[in-house]
Amino acid sequence: MRETILLFVGLCLATAASGQSRFGYGISVFPNYSNARLIAFDNLSEEQVIRITNNETWKFSYTGGVFANWRSEKLGFQLGLNYMNSGYQTIRDSIPFDQPNPNNADDWRMIYQSTYIELPMDIQFYQEVSDTDEFFFMFGATASYNINNKIETVYYFGDSQSSEIESQDNNNYNGFNLGFQSALGWEKSFSEQYAMVVQPTFQYWFRGMLKDNSLNRSLFSLGLRVAFKIKQQSDY
């Protein structure tokens, strides 16, 4: 991973130093659905692993931030700084008899939410379709730092619901993490200065969320990133 990041940095410098490179910057939002892959489960039976996996599902998450982009005609490099909300949740299910059940709720679900500061770094390969439209393929690395964690318990009472939120000890969570991301995108230029980017994006995090190695989970997400870019009008 370190070698890959160094390669990304080298390509960035080469692109920025090119006589035909252009600079752009902007804001992006990444609404997505995130989930977790079960890892480090040596002490669990296959039946337990299947039961845990079937009980967990996607949750709506989001990321937003700013970015800077350097690109030549065919190659681009992008750095970002984001606030990221991610996690996973359990399915809505009946409450076990040995669990607290305030006000005799019918069902419940647990929502595991973690927030991060994210530093993504991407390489983009462009193909021009028209004077104002370009498609591109993107892949990159991303780093994150965990800043907050909480568990929300949602109780269902027929058509109504209530929830309780419990903050978690950050010391139980891994601070730094590295991940991979890839996307296919479309960039639409409205003028020489302004453009919009739309890209379905997949992210996968290599390290588990927790420091506990007996039962852990690594996050992944799939969503649609939308960005608004201000481009430098003239080449360097």
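A contact here means heavy atoms within 4.5 Å. In the protein chain, residues 24 or more positions apart account for 72% of the contacts with a separation of 6 or more. The model is predicted, so local features need pLDDT of at least 70 and side-chain atom pairs count only at pLDDT 80 or more, while totals for chains, interfaces and linings use all residues. Residues are numbered from 1 along each chain as its sequence is written, and side-chain values use heavy atoms, with hydrogens and water left out.

The protein chain has two helices and 11 strands; these are DSSP runs numbered from the N terminus, helices being H or I of at least four residues and strands E of at least two. Of its 236 residues, 44% count as buried (under 20% relative accessible area; exposed is over 50%, partly exposed in between, with a 1.4 Å probe and protein chains only).

The whole structure holds 11 aromatic pairs. Rings of Phe, Tyr and Trp (its six-membered ring) pair if their centres lie within 6.5 Å; planes under 30 degrees apart count as stacked, over 60 as edge-to-face and the rest as tilted. Tryptophan 58 and phenylalanine 220 form an edge-to-face pair, 5.2 Å centre to centre with 90° between the planes. Tryptophan 58 lies in the loop between β2 (56-57) and β3 (59-71) and phenylalanine 220 in strand β11 (residues 216-231), so the pair ties together parts that are 162 residues apart in sequence. Tryptophan 58 is partly exposed, at 35% relative accessible area, whereas phenylalanine 220 is buried, at 17%.
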